[in-house]
Structures are given as C-alpha cells and as structure tokens.
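Subject: Structure handover

Hello,

Here is the structure, followed by notes on what was found in it. Please look through the model before reading on.

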Amino acid sequence: MEPRQSWAALAAGGVAGVCVDLILFPLDTVKTRLQSPQGFWKAGGFRGIYAGVPSTAIGSFPNAAAFFITYENVKSALPHGSASYLTPVTHMVAASFGEVVACLIRVPSEVVKQRAQVSPSASTFRILSHTLYHEGIQGLYRGYKSTVLREIPFSLVQFPLWEALKDLWSWKQGHVVDSWQSAVCGAFAGGFAAAVTTPLDVAKTRIMLAKAGSATASGNVLAALGGIWRTQGLSGLFAGVVPRMAAISLGGFIFLGTYEKTRELLL
C-alpha cells in the first residue's frame with residue numbers, strides 16, 4: 001500500500017469516527033443505561049445524555065484512524081487471487097486485525113465514557129482519576145478481551161457484508177458505487193451485525209461497569225453471559241438491541257459513507 005493511500009485511510013477513518021461518535025452519542029448513552037446492572041432509570045434515564053462525551057471526543061479520531069489504516073494495509077498485503085470466495089476471508093482477516101489494534105485506543109475511552117454515562121453527576125476527569133487511583137492502568141483496560149470478542153464477530157459480519165453489498169450494487173448499475181450508496185450498504189451491514197452481536201455488547205458493558213474486585217469485573221465473557229441469562233433471560237441478553245441497531249445502522253451510514261467520501265477527496 002502506497003504512503004499516500006495509508007495517510008488517506010488514516011485521515012478518512014479519523015474524520016469518519018469523530019462524525020459518527022459525536023452525532024450518535026445520545027443513542028449510545030441510552031443503550032448503555034439500558035444495559036447497566038442498576039437499570040435504565042437508576043443509571044440516569046434521559047438526564048445528562050451527553051455525559052462522557054469528552055472521552056469519546058478525544059478517543060474517536062485515533063481509534064477509527066488506527067482501525068482503517070490497519071484494515072487497508074492488511075487487506076492490500078494479503079494475496080489477491082482470482083477466486084471470489086477468498087475475498088470475504090480477506091476482509092474478515094483485515095477487519096479482525098484492525099479491531100485488535102483499534103481496541104488498544106478504544107477500550108480506555110469506552111471505560112471512562114460508559115462510567116460517566118451511568119454516573120452523569122461525575123465529570124469525565126473525575127472518573128478517569130478515580131479509575132487510575134483505585135485500579136491503575138489495568139482498570140482502563142478492563143473489558144479489553146470482551147471488547148475484542150465483541151468487535152471481531154461484529155466486523156466479521158459487517159465488513160464482508162458491506163463489501164459484498166457494494167460489489168453487488170456496482171455490478172447491478174455497471175459502475176463503482178458512489179459514496180452515498182456505500183453509506184446505504186454500510187447502514188444495512190451495520191444494523192444486521194449489531195443485532196447478532198448484542199449479547200456480547202451487553203456482556204462487555206456489564207464487565208466495564210462492574211465493581212472492582214467483583215466476579216464480573218474479572219472479564220470472563222462466558223460467565224457474564226451466563227449470569228445475565230440466569231437473572232434476566234433472553235431479554236437481558238438483548239437489552240438495548242433497538243437503540244444499538246438504530247445507532248449502528250445510522251452510524252454505518254455516516255461512518256462508512258464519510259470514510260469513502262473523505263478518502264475519495266484525499267486520493
């Protein structure tokens with residue numbers, strides 16, 4: 001991959017990440033509060049809907065930039081054969097690598113953001129200081145494994161589906177899709193991926209919000225899923241699925257559409 005293409009992927013990914021995270025922050029807050037152990041209203045209800053936004057504003061650009069520069073470089077480095085059945089595998093592998101790298105930036109931002117979302121009276125800086133004082137750096141990375149285990153399946157569904165929908169639309173109309181068409185494909189792919197990975201998202205949220213030293217805080221995803229199933233059943237595993245699908249469908253439209261358009265302008 002040429003340096004110019006790498007820089008374009010980095011910048012376009014960063015711009016796309018900031019746009020989608022800030023626009024859809026209220027929906028994300030509602031989703032987090034629906035998934036929190038204390039319940040929606042005790043977690044803040046509709047009050048302080050932008051609680052935790054500084055953490056997101058700081059983390060969005062480097063997080064999305066890291067994902068896309070990794071995704072594009074791995075995709076271009078993998079063998080490009082004529083066999084069409086290998087194409088989704090290429091996208092899956094590239095997306096998985098992208099998520100592992102991006103989560104190194106995303107998880108600390110997500111931990112602070114989610115704690116602020118369920119404690120709207122506390123400032124982002126106070127939550128960051130409290131976490132570092134009581135749990136150290138590892139406290140900011142609590143839920144790293146559960147986040148990666150959520151993001152990789154999500155990307156394994158979203159990105160091959162996004163690329164396949166773009167290819168299908170391009171074939172139907174006889175030319176490469178425009179950025180708005182790529183955005184529509186991103187919305188469908190994101191919404192579907194969001195629905196099927198919601199239980200993993202609920203487990204990740206519970207792990208990040210659990211009290212330090214508790215069994216859930218240990219980060220065991222299967223144990224967290226089992227606990228939710230025993231206490232709340234299927235409805236607990238899919239808590240927040242509607243705002244999550246709405247946010248990620250709209251987010252897929254904005255994120256992937258903005259990425260394609262910005263990258264197109266930079267190249």
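What are the helix and strand percentages over residues 177–265, and how many Å apart are the end C-alpha atoms? The chain there is 81% helix and 0% strand, with its end C-alpha atoms 15 Å apart.

The model is predicted, with local features needing pLDDT of at least 70 and side-chain atom pairs counted only at pLDDT 80 or more, while totals for chains, interfaces and linings use all residues. Residues are numbered from 1 along each chain as its sequence is written, and side-chain values use heavy atoms, with hydrogens and water left out.

Annotated segments

The UniProt record, an unreviewed entry, lists "repeat: Solcar" at residues 4–77, 86–168 and 177–265. UniProt positions follow the numbering used here, feature names are shortened, and annotations may be inferred rather than shown by experiment. Residues 4–77 are 76% helix and 0% strand, and the end C-alpha atoms lie 16 Å apart. Helices (H or I, at least four residues) and strands (E, at least two) are DSSP runs, numbered from the N terminus.

Over residues 48–69 the chain is 77% helix and 0% strand, and 34 Å separates the end C-alpha atoms. Residues 241–259 are 100% helix and 0% strand, with 25 Å between the end C-alpha atoms.

The cavity

Rolling a probe the size of a water molecule over the atoms shows where empty space is left. The search used a 1 Å grid over the protein atoms alone: a cavity is a set of points where a 1.4 Å probe fits but cannot get out, a pocket is an open set with protein on both sides within 12 Å along at least five of seven lines, and lining residues have an atom within 4 Å of a point. Grid points are joined across faces, edges and corners, and a volume is the space filled by probe spheres set on the points.

The count is one cavity of 30 Å³ or more, and the largest cavity has a volume of about 810 Å³. It is lined by 33 residues, and those closest to its centre are Val20, Asp21, Arg106, Glu151 and Ile248. Two or more lining residues come from each of H1 (3–23), H2 (25–35), H3 (53–77), H4 (87–117), H7 (144–173) and H11 (241–266). H11 gives the most, seven residues. By class the lining has 12 nonpolar, 10 polar and 11 charged residues. Here Ala, Val, Leu, Ile, Met, Phe, Trp, Tyr, Cys and Pro count as nonpolar, Asp, Glu, Lys and Arg as charged, and the others, Gly among them, as polar.

The pockets

The largest pocket has a volume of about 470 Å³. Of its 18 lining residues, Arg115, Ser119, His130, Leu209 and Ala210 lie nearest the centre. H5 (124–135) supplies the largest share of this lining, six residues. The lining divides into eight nonpolar, five polar and five charged residues.

The second largest pocket has a volume of about 310 Å³. Its lining holds 16 residues, with Lys166, Val176, Val177, Glu260 and Arg263 nearest the centre. H3, H7 and H11 each give two or more residues to that lining, and H7 gives the most, with five. Nine of the lining residues are charged, five nonpolar and two polar.

Packing of H7

The axes of H7 and H8 (residues 179–196) come within 8 Å and cross at roughly 145°. Axes are lines fitted to C-alpha atoms, for helices over the stretch in contact, and angles run from 0 to 180 degrees between N-to-C directions. The H7 and H8 crossing is right-handed; a crossing is left-handed if the near helix is turned anticlockwise from the far one by less than a right angle, and right-handed if clockwise. The residues of this contact are 15 nonpolar, six polar and one charged.

Regards
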